[in-house]
Every structure is written in structure tokens, then in C-alpha cells.
Amino acid sequence: MSDNSLRDLRKPAPRSGDAPPKITFPCDYPIKVVGDAADDFAATVCQIVHRHDPSFEAAGIQVVPSRNGRFQSVRLTLRATGEVQLKALFDELKATGRVHMVV
């Protein structure tokens with residue numbers, strides 16, 4: 001057993017919620033975009049995602065309507081290269097005025 005596998009018991013164990021998990025870039029990054037239901041909502045989301053990830057393939061997206069049909073969620077996976085890329089993507093999605101949430 002290596003020393004790297006042992007935790008120093010004098011220090012408190014890390015708790016969930018203390019710090020966001022570290023992401024190693026580049027990576028496949030799943031997101032869900034929720035907005036007002038419209039015929040072109042998924043296409044708009046895909047166009048924006050493609051600007052931030054030119055390798056993005058829209059064929060794998062899932063569009064799920066809300067129970068009452070007022071909203072849609074678009075689930076997709078993009079190739080994330082860093083936090084700057086993700087922030088720019090989220091900002092552009094929200095700037096459309098049609099996106100309520102990006103998870």
C-alpha cells in the first residue's frame with residue numbers, strides 16, 4: 001500500500017459541497033438547456049453549441065418537452081476544452097432570452 005492512499009486523520013475529511021469537483025479538460029461534457037418550447041429551440045441551441053465546439057454533432061441530442069408542453073429541455077454532450085469556453089457558451093445561451101436554465 002502506498003502512502004498516497006492514506007489520509008491524514010489530523011485533517012478533516014473533505015465534505016461534498018466544500019469545493020466544486022475538479023474537471024480535467026478536454027472532456028466530454030453533458031449539459032441540459034431548458035427554455036420555452038418552440039419549433040426552432042433545439043436548432044438554436046445546437047447552432048450556439050457548434051460555435052463553441054466545432055466538432056459538436058447534433059445527431060445525439062435529446063429534446064424532452066415538459067409535462068404541460070410549455071418548456072423544452074435539450075440534452076447534449078459537447079467537447080469541453082476549458083472553463084473559459086463553458087462560460088462563453090453559457091453566457092451566449094442565456095443571452096438569447098429564450099433559455100431559462102443551463103445545467
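Two strands pair if DSSP finds at least two bridges between them. Helices (H or I, at least four residues) and strands (E, at least two) are DSSP runs, numbered from the N terminus. The model shown in these views is predicted, with local features requiring pLDDT of at least 70 and side-chain atom pairs pLDDT 80 or more, while totals for chains, interfaces and linings use all residues. Residues are numbered from 1 along each chain as its sequence is written, and side-chain values use heavy atoms, with hydrogens and water left out.

View 1. P65 stands opposite Q72 in β3, and Q62 stands opposite R75 in β3. Strand β2 is joined to β3 (residues 71-80) by 4 bridges, and the two run antiparallel. The hairpin that they form has 5 residues between the strands, and G69 in its turn has a positive phi of about 80°.

**View 2. The open sheet of 4 strands.** The strand order is β2-β3-β1-β4, with antiparallel pairing. Because β2 and β4 (99-102) stand at the edges with a single partner strand each, one side of each is left without a neighbour in the sheet. From one strand to the next, the twist averages 25°. Helix α1 packs on this sheet and touches β1 (27-36), β2, β3 and β4, its direction making about 20° with that of β3. Helix α2 lies across β1, β3 and β4 and runs at about 155° to β3. Contact here and below means heavy atoms within 4.5 Å; axes are lines fitted to C-alpha atoms, for helices over the stretch in contact, and angles run from 0 to 180 degrees between N-to-C directions.

View 3. Leaving out residues up to four places away in sequence, Q72 touches V33, V34, G35, D36, A37, A38, F41, V63, V64 and P65.

**View 4. D53 in the loop between α1 (41-52) and β2 (62-65).** D53 is buried yet has no salt bridge, and R79, the nearest side chain of opposite charge, is 7.3 Å away. A salt bridge is a side-chain nitrogen of Lys or Arg within 4 Å of a carboxyl oxygen of Asp or Glu; Lys and Arg count as positive and Asp and Glu as negative, while His and the chain ends are not counted. The side chain of D53 does reach the backbone nitrogen of R79, at 2.8 Å. The side chains of D53 and S55 are joined by a polar contact of 2.6 Å. Such a contact is a pair of N or O atoms within 3.5 Å; within protein, one must be able to donate a hydrogen and the other to accept it, and residues adjacent in sequence count only if both atoms are side-chain atoms. Not counting residues up to four places away in sequence, D53 touches L78, R79 and Q85.

**View 5. L93 in helix α2 (residues 83-95).** L93 counts as buried because its relative accessibility is 0%. Beyond its neighbours within four places in sequence, L93 is in contact with V33, V45, I48, V99 and V102. The C-alpha atoms of L93 and G35 are separated by 9.8 Å, although these residues are 58 residues apart along the chain.

Technical notes
Buried < 20%, exposed > 50% of the residue type's maximum accessible area, 1.4 Å probe, protein only.
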